[in-house]
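Work through the exercises below with the structure open beside you. Try each task before reading its solution.

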Amino acid sequence: MRYLPLNENDRAAMLARIGVSSIDDLFADIPAKARLDGLIEGLPTHASEMAVERHFTDLSRQSLSAGDAPFFCGGGAYRHHVPASVDHLIQRSEFLTAYTPYQPEIAQGTLQTLFEFQTQVAQLTGMDVANASLYDGSTATAEAVHMAARITRRRKCVLAPGLHPHYAQTVQTAVQGETMDMHVMTPAMGADADVMGALDDQTACIVVQNPNVFGELVDLEPLAKAAHAVGTLLIAVTTEVVSLGLVKSPGEMGADIVAAEGQSIGNGLSFGGPYVGLLACRDDRKFIRQAPGRFAGETVDEAGKRGYVLTLSTREQHIRREKATSNICTNSGLCTLAFSIHLALLGEVGLRKLAALNHARACQLADRLDALDGVEVLNQSFFNEFAVRVSGNASQIIEDMAKAGVLGGIPAARLFGAGYFDDVLMIAVTETNRDEDFDALVVALREAL
Amino acid sequence: MSKIYYTEDHEWLNVDGDTAIVGISTYAAGQLGDVVFVELPEVGKTVKKGEDIAVVESVKSASEIYAPVSGEITAVNEALEDAPETVNEDAQGAGWFFKMTISDAAELSGLMDEAAYGEFTRE
Amino acid sequence: MAMNSTGRPTAPTGDVPCAEDLKTFSGSRGLMQQEPLLHEVGAPEKCGVDLPDVPEHTARLGGLERDETIGLPGFSEPEAMRHYVRLSQRNYAIDLGLYPLGSCTMKHNPRLNEKLARLPGFADVHPLQPQSTVQGALGLMAELSDWLVAITGMDAVALSPKAGAHGEWCGMMCIRAAIEERGELQTRRRVLVPQSAHGTNPATAAACGFEIDELPADDTGRVDMEILRAKIGPDVAAIMLTNPNTGGLFERDIREIADLVHEAGGYFYCDGANLNAIMGKTRVRDLGVDAMHINLHKTFSTPHGGGGPGAGPVVLSKRLSNYAPLPYLVRDGDGWALIEEAAQSDAKPFGRLSVFHGQMGMFVRALAYMMSHGADGLRQVSEDAVLNANYLLARLSEEMSPAFDGVCMHEALFDDAFLKDTGVTTLDFAKAMIDEGYHPMTMYFPLIVHGAMLIEPTETESKESLDRFADSLLLLAKMAKSGDTTRFTAAPTLAPLRRLDETRAARTPILRWKATDA
Ligand SMILES: Cc1ncc(COP(=O)(O)O)c(C=O)c1O
């Protein structure tokens, strides 16, 4: 076995040193009835690197990858180009094979990059502080709801009509263990301002996505004002963080907590994970103390040199146990590094240009599609994803286009359930789409209609 | 005349008539190490003896503070928010946590005096 | 002949000041490069990415353009490489040396797995592509499920949990759903959790709305059966038991524990973080478990990446399979399909854990690890992990104090009795290990042992490596006992930084960089 350094001589010498005669003496505590004498049934024995690689390569070929097709899927995961240096750097042994930085003297690499990540996330979202990541945007949203309930000591939570339905389900599932009063508004395209109607002085938070799940942009400012007037917090959700290079930040519009999916920057599609949940909030003791997950913080060492540590840990499960603000332990460490490196390579100029490019290309495609018979762009505004009404069943159209080798977007019914928005298709455009891809989509769509 | 009482959870009470000032003992402050945060109860809150109403934290620990007797919180030591180190420096003086009324003086009878607490912490 | 006439010294001259005394002008020390913060070295106008020009278009942003400066620093590619490579050199890593963090299972991360995770059919597929176009990816998930089911003997597996704690939550929510269906949610309130449990266990049970009732350990470090018997009752929803437990011990009475809980109508949740000690030696099913998460980032070697990502699939018994969350995988003719909504499901999923269906990147790596080892290799992994831990336990016991008598499983637990009256604490001892070039063991956990030191070498250490490690620790222990305390209390002195002021960090939190108003 190529990964196991011990040989039979070692094993014999070690057993002798321990003072037992066989390896099974070390497993004597396993109840006799439950011992497995032979090998696990139904599994093959060990395989060479070459054999394993062959098997996986075969499996990989059985999927149509985004890079091999004109590709327009979004809905909470976006395909952007990630510079090669990002993947190289995150595979440095010292980043890849380190544990959580519990010994700060020999983990400054991880800790400093986390501190830089937190700063970048805070800047991007227009908030004061950010944590060191959560699993993904949807679990970050659920954590934000918990956090808001604790801060306000209220139980009512309103989910806006433009919140990604799978985010809404994640939140609803996450609060099952508590007595929360959930108001999930009926999904609708341009109706996010309706949350104001559901506000009262018992409301802990309103959760509003921007751009919303249909791609429509939402002015959060009036919502924030209305919420604050009754002591309610505004949780702003973003599933496409590249938009923040072009669109007013949630912080600037008055959000109290931001929960976002950071996958778009630095991280590939990877069939849904691992991604990186961003959580940012105001610099207010009350907020920070109720926040979930880890924080890296600045301090000095004994010799007065600047350094970083994990801090404010009394909120966390390993100290606070059942009273912790969350049960999260392992987070999205390496994905934060990929995010941070990619964003550092982009910088202010690059991110703004990337965002502008995404938007411009989306505008171009929207105009082309809108000109087609049987296709109507539904959005008043959007960033890089928009919804179109098609004359036909969107799910069927997507299947037909896939058969023609075009991954033409996501049928809204895939998110909302069969029977809802059956004729609506969601189309995302990024810098990776070429004019040829647009042409192919137009052809495939025309044929499928 | 005020009188000092202690609880088995290492809280002290300086009782004067039907009001008390409450904090953690010098001994407890020493055991906790550097106090980095104190979460105080809300003024006006009615509390029951034994209810957890505040938290004192060091870097690697968080300890609950229980209401030593039943009553109502009348004031909290807001200075601790910015200067939690006061708890280490002067636990039984400037490091007090909150003031409260005592609704049932009989509850005091189960508490320790200075000498008994001294015994208690030696064990 | 062309001759270079400029001679230069090629042997050391010997008259340099002692390294400790030499103060450098740059702040760097040889290969240990000083590196400021990204925000101090990057600049907003710099960019390391070339993008095409933005085509003419009429913006459709609804008047929500971002006007304010974001303030993001940028780098050219060479500058970025330096920044991150320099920072990387301030990290300890498994690839640098033994990483004996108990409970964390820091084993070698095969690079084949990294390569395979990057194959386009896994890395470059979208979670909401038509399912007909992702059969390879779904097939991989199905294969992973088959392996996990075979290894544990359980009936079903929920793949979507994103880490161990998320898996705990998934398993406990299945239990909650089952109890709710029985109409007992109001009465079954209590979850028994040993004091030695990882903090995520009580945090999870609390998040599910249960009350936590702590179980003390007996003097062998295992569940105190007498107390368990006294605590068990019709209001018990579940026990959350780690096995092998966090002291590295197999819970000998596990079947009786399972029976007791079951007889009382409760469920047995097993924290499977330590599956790496027993896979191939026993099947979780035969231990009476109802639900267990598996940390793919521990047992199956997906890299920890400085804190994540992980994956925490949950295996379920028949009694709980029906409640597994959405989305889940089913057979569909010759292929596979994801059930994504309750309306499509003929089961009773308790809900949805997150927006998509799990940590694909981890699935690929874990499955590659399993296939590489095979049934024989996985068994050998458990045996070698346990052998290595016991070898260290035997050798280190010469100077250090084991917390409990007898052999251990995959990790060896010591207390600080051997440091009594030396003036050296567990923390000091751990920091002195850093100067010796080792990452410290897990300290002060589990909570049931004073000054705990939990050492998990894993199966990927050679005997030579273990011997060098043991030699160093034994010498350190002797040194501590001999009264040489400053080497400990001042440690580390040879790491990039000395001990950090965590009190200051917590009292006046600085959680981000800010431009100074200069
Ligand atoms: C025993 C035990 N249980 C649970 C966990 C939680 O797992 P994770 O960090 O993946 O959430 C860990 C690891 O951190 C652990 O060691």
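**Exercise 1.** How much area do chain A and chain C bury between them, and what percentage of it is on carbon and sulfur atoms?

*Solution.* The model is a predicted one. The size of an interface is often given as the accessible area lost when the parts come together. For chain A and chain C this buried area is about 17400 Å². Carbon and sulfur atoms carry 62% of it. In terms of residues, 200 from chain A are in contact with 213 from chain C.

**Exercise 2.** Find how many salt bridges are counted between chain A and chain C, and examine one of them.

*Solution.* The count is 15 salt bridges. One salt bridge pairs Arg11(A) with Asp384(C). Their closest N and O atoms lie 2.7 Å apart, and this pair qualifies because the cut-off for a salt bridge is 4 Å.

**Exercise 3.** Describe the side of chain A that touches chain C by its main contributor and by residue class.

*Solution.* Start with the secondary structure: helix α11 of chain A, residues 333-370, gives the largest share, with 27 residues. Then sort by class: this side of chain A has 95 nonpolar, 65 polar and 40 charged residues.

**Exercise 4.** Characterise chain C by its elements, its span and its burial.

*Solution.* Chain C contains 15 helices and 13 strands. Its C-alpha trace spans about 90 × 75 × 55 Å along the principal axes. Of its 518 residues, 64% are buried, which means that their relative accessible area is under 20%.

Key: Residues numbered from 1 in each chain as written. Chains lettered and ligands numbered in written order. Predicted model: local features only at pLDDT ≥ 70, side-chain atom pairs only at ≥ 80, totals over all residues. Heavy atoms only, no water. Contact = heavy atoms within 4.5 Å. Buried area = accessible area lost by both parts, 1.4 Å probe. Salt bridge = Lys/Arg side-chain N within 4 Å of Asp/Glu carboxyl O. Helix = DSSP H or I, 4+ residues; strand = E, 2+ residues; numbered from the N terminus. Nonpolar A, V, L, I, M, F, W, Y, C, P; charged D, E, K, R; others polar. Buried < 20%, exposed > 50% of the residue type's maximum accessible area, 1.4 Å probe, protein only.
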